[in-house]
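Subject: Structure for your review

Dear colleague,

Please find below the structure that I am handing over to you, together with its sequence. My findings follow directly after it.

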Amino acid sequence: MNILVCISSVPDTTSKINFTENNTKFDANGIQFVINPYDEFGLTKAMMLKESTGGKVTIITVGDTTVEAVMRKALAIGADQAVRVNMNATDSFSTATEISNYITQNSFDLIIAGRESTDYNGGAVGGMIAEMTDLPFVNACIGLEVEGESAKLIREIDGGKEMISSSLPMVIGGQKGLVQESELRIPNMRGIMQSRTKPLQVIEPSSNTKNTSSVNFENPEAKGSCRMVDASNVSELVDLLHNEAKII
Amino acid sequence: MSVLVYTESWNGIFRKSSFETVSYASETAKVLGTDVIAVSLEDVSDDELNKLGNYGATKVISVPNINKGDSQSAAKVFLDLSSDSSVIICSNTYTSKMIAPRLSVKMGAALLTNVISVSEGSDIQIKRKSFSTKAIETAKSNTEKTILCIAPNSFGLIETGGSCTIEKIDFSESGSLSFDGQETASGKISISEAEIVVSGGRGLKGPENWGMIEELADVLGAATACSKPVSDIGWRPHSEHVGQTGITVTSDLYIAIGISGAIQHLAGVNSSKVMVVINTDPEAPFFKAADYGIVGDAFEVVPHLIEEIKKLKN
């Protein structure tokens with residue numbers, strides 16, 4: 001099976017988020033970048049599918065040279081080759097356009113994107129790719145089994161799950177459940193050594209038409225101080241929630 | 001020029017978030033000087049459709065013969081209906097976010113998701129949650145038409161007392177996916193829409209101790225949730241995991257029991273209006289983000305809390 005995994009390079013989940021240039025740009029200073037957590041589940045699933053059915057796993061990332069560290073990590077985990085589109089990913093439409101161009105010029109049985117990225121949280125790239133390549137799409141995918149030319153999928157719906165069948169090729173928006181947290185792969189020394197010599201192709205963007213722009217950012221208002229209630233006086237808490245916060 | 005709004009239904013019933021999107025559409029229509037047309041997919045009764053009028057829809061277009069998970073067909077329906085609309089609105093759900101990206105490509109329309117504010121002018125500019133709620137982004141549309149996905153619980157319901165007309169449309173095409181059934185926990189309150197959420201962490205020591213969490217949720221009419229470690233070790237299902245990589249909570253009240261409050265957890269829950277923390281460790285970082293806190297053993301505090309709330313409710 002020929003699988004494409006779309007990987008986003010995002011701030012480590014423990015990062016404090018700050019902005020610079022008059023709050024118009026994310027301040028990457030001192031930030032550790034990681035594979036987008038949703039994409040990590042997709043990458044491990046792709047490795048498992050490759051091991052059971054044969055084939056190749058390609059990863060694609062839209063970004064400048066700074067995203068290559070995260071791409072090498074994906075190669076160290078086991079992807080066979082990597083493609084970087086040399087453009088800052090700041091808009092879902094332009095990002096999806098570039099990835100779709102690559103898909104059309106090559107041929108894949110399965111395209112796995114994350115449900116969303118933990119930085120801009122657009123959650124739109126997978127669905128846009130599906131439309132641009134005219135393929136079926138299942139979002140928030142928490143289960144995937146491939147049998148020949150078709151797939152059985154489970155998607156998360158509010159308060160439950162839905163079972164779906166589809167023909168391949170298709171696009172999915174993945175998340176935890178695709179594989180379990182405990183199954184996630186981390187690079188070993190051999191993988192890291194190999195990743196240095198695996199192909200990382202850089203392609204130039206075709207258009208870079210952005211449908212949306214960012215104006216500025218702000219941090220949410222900080223909370224005031226926490227009002228402490230003694231553990232032996234739980235009725236006071238109930239009273240505060242009822243009369244002060246007026247919430248119960 | 002009407003504002004078009006997709007009102008998502010489940011088993012023939014509209015969720016609170018669907019009414020919120022109609023209220024949001026109504027406010028947007030005021031800015032644009034136009035009216036609101038709601039679009040409903042799947043089989044929904046006239047009684048249920050009529051409820052949309054009370055939030056500002058003047059007309060409802062019902063398309064019964066379509067599965068909302070079939071985003072290929074749904075996007076076609078919306079493309080046909082949106083030729084005169086410059087703004088299309090839906091809820092920021094997994095299902096709507098299968099349809100909206102497709103539609104945005106078909107229409108050449110900008111797509112803004114996770115939206116929490118109404119645009120003040122006809123050049124669409126809104127606030128949206130980003131960086132997993134660690135930041136709020138002001139973003140704008142660069143195109144003539146715009147699709148907005150509204151974050152649940154971020155925009156209040158506004159009842160107008162109005163009424164709507166209903167038009168039914170036949171649509172016989174279907175896309176390539178086949179739907180093999182759903183499994184839903186009956187009677188469970190949805191975490192993303194809940195007004196109150198009761199959440200447990202590793203401090204509860206084991207899945208056998210969740211009875212008191214469920215009882216507390218029950219007396220409050222709340223949804224139950226859990227921290228990431230709890231879902232990772234399998235004490236609770238993944239569908240209850242709230243936090244940066246789980247479900248985002250935007251409730252009025254969030255009660256965290258035995259959760260230390262790592263930054264990843266806080267990122268997913270800190271849009272809640274009031275947060276209560278119960279933890280044995282006075283140094284737990286969650287207390288810095290909370291409104292009310294109790295340092296104490298959950299196994300003693302929670303049963304008392306249940307009793308006191310029962311007293312209040314009676």
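**Helix H5 of chain B and its surroundings**

Gly221(B) comes after H5(B) and has a positive phi, near 65°. Please note that the model is a predicted one.

The helix itself, H5 of chain B, spans residues 211-220, and its buried residues are Ile213(B), Leu216(B), Ala217(B) and Leu220(B). These residues lie on the same side of H5(B), because the arc they cover around the axis is only 100°. On the face turned away from that buried side, H5(B) carries Gly211(B), Glu214(B) and Asp218(B), which are exposed. As for the packing partners, the buried residues of H5(B) meet three strands of chain B, namely E13 (196-200), E14 (223-226) and E15 (253-257), and also helix H9 (298-313) of that chain.

**Domains of chain B**

In the domain assignment, chain B is divided into domain 1, covering 3-168, and domain 2, covering 196-313. Between the C-alpha centres of these two domains of chain B there are 32 Å. Their contact involves seven residues of domain 1 of chain B and eight residues of domain 2 of chain B. On the domain 1 side of chain B, the residues that touch domain 2 comprise four polar, two nonpolar and one charged.

**Contact between chains A and B**

How many residues does each chain bring to the contact? Chain A supplies 62 residues and chain B supplies 76 residues. The side of chain B that touches chain A is made up of 32 polar, 28 nonpolar and 16 charged residues.

**Chain A as a whole**

Chain A has 248 residues, of which 52% are buried. Its secondary structure consists of 15 strands and six helices. Taken along the principal axes, the box filled by the C-alpha atoms of chain A is roughly 65 × 45 × 40 Å. What share of the contacts in chain A between residues at least 6 apart in sequence joins residues at least 24 apart? For chain A, that share is 71%.

Yours sincerely

How values were computed: Residues numbered from 1 in each chain as written. Chains lettered and ligands numbered in written order. Predicted model: local features only at pLDDT ≥ 70, side-chain atom pairs only at ≥ 80, totals over all residues. Contact = placed C-beta atoms within 7 Å. Nonpolar A, V, L, I, M, F, W, Y, C, P; charged D, E, K, R; others polar. Domains from an automatic or database assignment. Helix = DSSP H or I, 4+ residues; strand = E, 2+ residues; numbered from the N terminus. Buried ≥ 20, exposed ≤ 12 C-beta atoms within 10 Å, placed from the backbone. Arc of directions from axis to C-beta.
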